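Here are my notes after a first pass through this one. Have the viewer open while you read, and tell me where you disagree.

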Amino acid sequence: MAPVLPALDLVLVEAGSPLALLAPKGLALLGLLGPLVLLYILKVRRKRLRVGSTWLWASAKRDLLARSPFKKLIAQVPLVLQALALLLLGLALARPATRGRAITGDHVAIIIDASASMSALSQTKDKPAPRIELARGLARDILSSLTPGSDALLLEAGRDARVVAPLDRDVVRLKSALENVRAHDVEGDLGAAVALAVDRLRQLGGARRIVVITDGNLAAPAALTGASLPVEVITVGTPVENAGIVRVDVRSGTEPQLNREQVQAFVVVANFGRSPRELYVTMREDNASDVLASRKILVQPGERQAVVLDFLPAPGDYRRGLIFDIAPHDAMEVDDTAYARVPAGDKLPVVYAAPDPQKASPWIERAIVSDPATTLKLVSIADLQKPGAFELDAFVVIEGACPDGVSGGDLLIVDPPPGKCFGTVVGMPLEHPAITSWESADARLRFLTLDGVTIAKANALKPEGPTQELIRTQEGVIATDISTPTRTGTLLGFDVGDSDWPLKASFVLFMRNLLEGARIHRAHGITGPARAGEPLRVRLPASAKEVEVKGPGGEKLDVSLRGGLAVVPEISKVGFYHLAWKGPEAGSLVAPANLTSPAESDLSSVMPPVPAGDDKLKITAAGAEPDAHNEWGWVLALGALALVIADVWYLTRKPRVSSAAPGAPKRPPAPERRAA
């Protein structure tokens, strides 16, 4: 088992400042450099003395005749020593210190949380700053503290993990890559990033460590546990009060007094602060400044309050974008706004196709028209293949056939001929099959029972998998799920007229469930509510050939189109996504995407709980431990003392007299001796 790594003793400092002054006021001592230099350039005032001759004082006389009281500065040794001593002493009083301890480890993986909560503002010493900015600064400090020879890996943890910079020893290149880390409008998942870091470091030798920088607002805190390598979590930011929209839903209804169609929006606002919040909730259309509806609410601490907004739509309002906003905004603005779409209408268009429309099943027709929020259109099977014969999101019912390439929304096929139909094989006939079970958990069969239903004859169905079986009999399956990525499909292997099912309430409930599901899919226009960070799936006509997608900022996005399903792999921003396609049934639509995550909106704490029993996980707060710095003032003070001692020695030293030196007394020459 790998040992538990010690907690990081880090202090957040300004980027590019590994050396800090703990007492900058001590630099005021450097002001004495001016008087020191002044002492060396002022002329000495000489005393008047009476002497016998002035020949020896010629140079002093010339100095006295000069008009300026200053003389030329000469770089003397005492001046240099005294100035250096004063400089070192001033720096020593300023208490210089190097911050941050060395980050040990041969390979270090740094994971930065890039979820939506990292865009929230946190109070710092100077001014409020986004938490992602604090995380980048802390990551720069960690890179500066790496020991020589170590390499680092940078990862961004949004909805998915992304490698910002591979393993590298170039600190300058790694710090430059940090500028690409941004907070996204998504619910974060640190587990994927930790798993990716473990996978990259597992094959390497030497000491390995994983450092996670986050604000502690985790949708899945358990994702940090269970890693095979030690994980250190450092939290940044301060707790702040926040309120946000955590749910939004828009439906079509009826205004009771005027008996007109009405758009009804249900918005849930949550207050994650410690004090009550008075908020204004407004609704308006995209690219419009007029407010359609507004309400003033008071949300208590920890409370979630539902708000209902409605308006009467005009014909041009259908399928347009709706923007919901709460004011005043707070530290995290991304959850103060939500997006939706005006439903296509209160009445669901239903297309009923049969070989002979005049002989269509009256039971199915009666069940459809009994729903007042539907409009029924009877067509022939051939009319289904005509472009523009019905709306693209209509509920389609086909009896006695199974044609390919049928447009529209949700689909119901009744009593198809033998053969393959949307992946299900229609086989041999069954006489008096007895129903044994059905999928009551499926939305199409909820709230009903099939006990006592008698069927005279049916066709055995063989779906692609057992999960597609809906209604089972002793002889075989008689109803299957034929859904595709673009629609919900249901296949009945018998004519409802050959049974007593239409005489029971369960048949009406079955049809109502199908219509309600089609109505919900039509309201959203996609396979479900879109959330930022997840793939965006939009249902288009099967005849669509080319599609173009633009994001909230107007940027073009990559999209794949197959079988009428347009898929954008990942959306990282909230807002409206505009789709336009070409083909026989060309058109465009808008798809909203929201955050609506209580886990990201709750900014009341920045310290996730430490799971019990996990000795490989260490959680600390940046700056929570004592300041890890080394002061160097004593070294500078010793240097200043050494310079003072050198200055004293220089001024008090005895000059050595050399016999060869100019001016030294010469030995008298020896007398010459002449030869006798």
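At roughly what angle do the axes of helix 4 and helix 5 cross? Keep that in mind for point 1, and remember throughout that we are looking at a predicted model.

1. The helix pair. The answer is roughly 170°, with the axes of helix 4 (residues 131-144) and helix 5 (residues 171-178) coming within 10 Å. An angle over 145 degrees counts as roughly antiparallel, and therefore that is how these two helices run relative to each other. On the helix 4 side, the contact is made by R136, A139, R140, L143 and S144, while helix 5 brings V171, L174, K175 and L178. Sorted by class, that contact has 5 nonpolar, 1 polar and 3 charged residues.

2. The whole chain. Stepping back, the protein chain has 10 helices and 37 strands. It has 676 residues, and 45% of them count as buried. Take the contacts with a separation of 6 or more: 70% of them are between residues 24 or more positions apart.

3. Strand 3. Please click on residues 107-113, because 7 of the 7 residues in this strand are buried, so strand 3 is largely enclosed by the rest of the structure. Colour by direction and you'll find H107, A109, I111 and D113 pointing one way, with V108, I110 and I112 pointing the other way. Both sets are buried, H107 and D113 included.

4. Who pairs with strand 3? Strand 6 (residues 151-157) runs parallel to strand 3 and is joined to it by 7 bridges. A handy landmark there is I111, which stands opposite L155 of strand 6. Strand 8 (residues 208-214) is also parallel to strand 3, joined by 6 bridges. For that pairing, look at I112, whose bridge partner in strand 8 is I213.

5. A buried glutamate. E156 sits in strand 6, so we are still beside strand 3, as 7 bridges join these two strands. Is E156 buried or exposed? Its relative accessible area is 4%, and since buried means under 20%, E156 is buried. The side chain of E156 makes a polar contact of 3.0 Å with the side chain of H184. Beyond its neighbours within four places in sequence, E156 is in contact with I112, A114, A161, R162, V164, N180, V181, R182 and H184.

6. Most residues other than glycine have a negative phi, and most peptide bonds are trans.

   - A327 and P328 are joined by a cis peptide bond, with omega about 0°. P328 is in the loop between strand 15 (321-327) and strand 16 (337-341).
   - D415 is not a glycine, yet its phi is positive, near 50°. This residue is in the loop between strand 20 (411-414) and strand 21 (419-421), and is partly exposed at a relative accessible area of 28%.
   - T596 is another non-glycine residue with a positive phi, about 40°. Look for T596 in the loop between strand 35 (587-594) and helix 9 (598-601).

How values were computed:
Residues numbered from 1 in each chain as written. Predicted model: local features only at pLDDT ≥ 70, side-chain atom pairs only at ≥ 80, totals over all residues. Heavy atoms only, no water. Buried < 20%, exposed > 50% of the residue type's maximum accessible area, 1.4 Å probe, protein only. Helix = DSSP H or I, 4+ residues; strand = E, 2+ residues; numbered from the N terminus. Pairing = 2+ DSSP bridges. Polar contact = N/O pair within 3.5 Å; in protein donor to acceptor, adjacent residues only side chain to side chain. Contact = heavy atoms within 4.5 Å. Axes fitted to C-alpha atoms, helices over the stretch in contact; angles between N-to-C directions. Parallel < 35°, antiparallel > 145°, perpendicular 65-115°, else oblique. Nonpolar A, V, L, I, M, F, W, Y, C, P; charged D, E, K, R; others polar.
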